[in-house]
Amino acid sequence: MATDRASADAARAPTATGPAAVAEAFRNGPVYVDPRAADQLSPAQAAALTDKIKAADRPLFIAVLPAAPEFPSGTVLSDLRTRTGVTGLYAVRLGDRFNAGADSAVLSQQAVRNLVDAVRTPPGVAAATQLDDFADQALRQMSGAAPASWGAGGAQGGGDMNTGALITFGAVLTAGAAGAYTVIRRNRRRKEAEERAALDALRVVVDEDITAYGEELDRLDFHPAEKGANDVMRADYERSLDFYDRAKSLMASAARPADVRQVTQALADGRFSLAVLDARRSGRSLPERRPPCFFDPRHGPATADRSWTPAGGVPREVPVCAADAARLDDGRDPMARTVDTEKGRRPYWEAGPVYGPWAGGYFAGGLLPGLLVGTVLGGMLASPAYAAEYGGGEFTGGDYSGADYDSSGFDGDDWGGSGGGGDFGGGDFGGGGF
């Protein structure tokens, strides 16, 4: 009853309107429907959406607003984020247009862009369908916990437990202790066995990466005393060697699948140092620090972004090396990194959650969920099982931060409209569009 009452209250918009009213409603629940936009989302639909978000325990805020002067499309996202003051993902249906923005700790800029693009297609979709689809996809990808102010939805008012009940409870607890210990020990052994198997599978892939990195060092053939070498080049080379040694050392001491993330992060750092050194030797401009090539991190730092659509998924921008960019431009398939699966060699994004830590080290900072949304690995990374077994869920969210946040992911000047389109920058509350 308490949950139903909370859902109904959250679905009912107060009489007051404007950003302040929305922010006040967001402190009590995840969904706000302005009275002037009530025809877009019924109370029952708003309540169902509220229940879904609360059940997922994620800081997702959704507002259905009219195209009105107090909600300017260019600032409404940042206004709501500032007034609410809670780290999270904010989505707005503004008239018949849609946009979203997020703190990077909750969802990356690329992930927000991909999700927004996905629900803007097909054009003219009903608000209830669009918002429900967005919530389904976002809740699987985003990190963080719901604000405590939303409440647990449990029964109120309790009452004291009588003495007889306490005695009965104690007897049951004592009788079940031995059985519970047996179950816990069996589960612990199962988890340890699964982690060993996962680490063994990862070791094969990471050893291949380390070997490939060593071969890159050899091909570079840099000698600190060679003609034209200077102290800056020698420092680049030393960093490249240090990252090589660090990767080998970390892999040798890895005890859990999650430990592999540090290894691949060291390899990504090392490959960037090699790219910088190569540019200095060739007299070229120094490369921008970018993620590795999405299709195979062994290709080195990305040089461009290209649109790519996984099987059964939606298009998204991914960072790619020059060679894969040329292949995609020519209509050919990229050179994907494949790994062993039960169905044979498959691209890593079509493999199981065991490869999550491996990919997470290469694509750190919350970038990975956006790149993998709609893929097999992407769906698994968002599951509670991945967080428990393979070291996921390291991002925060849902905490109160006031107006102290990076606003770059919450701007919006191109909302796409019922005709679709629009390129919302997403991410850290900035650059983008309705």
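This is a predicted model: local features need pLDDT of at least 70, side-chain atom pairs count only at pLDDT 80 or more; totals for chains, interfaces and linings use all residues.
Local features need pLDDT of at least 70 and side-chain atom pairs count only at pLDDT 80 or more, while totals for chains, interfaces and linings use all residues. Residues are numbered from 1 along each chain as its sequence is written, and side-chain values use heavy atoms, with hydrogens and water left out.

Helices (H or I, at least four residues) and strands (E, at least two) are DSSP runs, numbered from the N terminus. Four strands form an open sheet in the order β1-β2-β3-β4. The pairing is mixed; two strands pair if DSSP finds at least two bridges between them. The edges are held by β1 (31-33) and β4 (97-102). Each has a single partner strand, so one side of each lacks a neighbour in the sheet. From one strand to the next, the twist averages 10 degrees. Strand β3 (residues 89-94) runs antiparallel to β4, and 6 bridges join the two. Within β4, N99 is the bridge partner of V92.

Helix α4 (residues 76-84) lies across β2 (60-65), β3 and β4. The helix runs at about 135 degrees to β3. Such axes are lines fitted to C-alpha atoms, for helices over the stretch in contact, and angles run from 0 to 180 degrees between N-to-C directions. In α4, the residues V76, L77, S78, L80, R81 and T84 are buried. Buried means under 20% relative accessible area, exposed over 50%, and partly exposed in between (1.4 Å probe, protein chains only). The buried residues of α4 pack against α2 (19-26), β2, β3 and β4, where contact means heavy atoms within 4.5 Å. Just after α4, G85 takes a positive phi of about 75 degrees.

Positive phi also occurs in residues other than glycine. D57 has a phi near 55 degrees. This residue sits in the loop between α3 (43-56) and β2. With a relative accessible area of 37%, D57 is partly exposed. D221 is not a glycine either, yet its phi is positive at about 50 degrees. The loop between α7 and α8 contains D221, which is partly exposed at a relative accessible area of 44%. E226 lies in the loop between α7 (163-220) and α8. At 21% relative accessibility, E226 is partly exposed. Leaving aside residues up to four places away in sequence, E226 touches D221 and R281.

Helix α8 (residues 231-253) and helix α9 (residues 260-282) form a crossing pair. Their axes come within 8 Å and cross at roughly 160 degrees. Helix α8 is therefore roughly antiparallel to α9. Angles under 35 degrees count as roughly parallel, over 145 as roughly antiparallel, 65 to 115 as roughly perpendicular and the rest as oblique. The crossing of α8 and α9 is left-handed: the near helix is turned anticlockwise from the far one by less than a right angle.

G356 is found in helix α11 (residues 356-362). G356 is buried, at 1% relative accessibility.

The structure holds 0 disulfides, a disulfide being a pair of cysteine sulfur atoms within 2.5 Å. The closest cysteine sulfur to that of C293 is in C321, 3.7 Å away and too far for a bond. C321 is likewise in no disulfide, with the sulfur of C293 as its nearest cysteine sulfur. C293 is buried at 0% relative accessibility, and C321 is buried at 7%.
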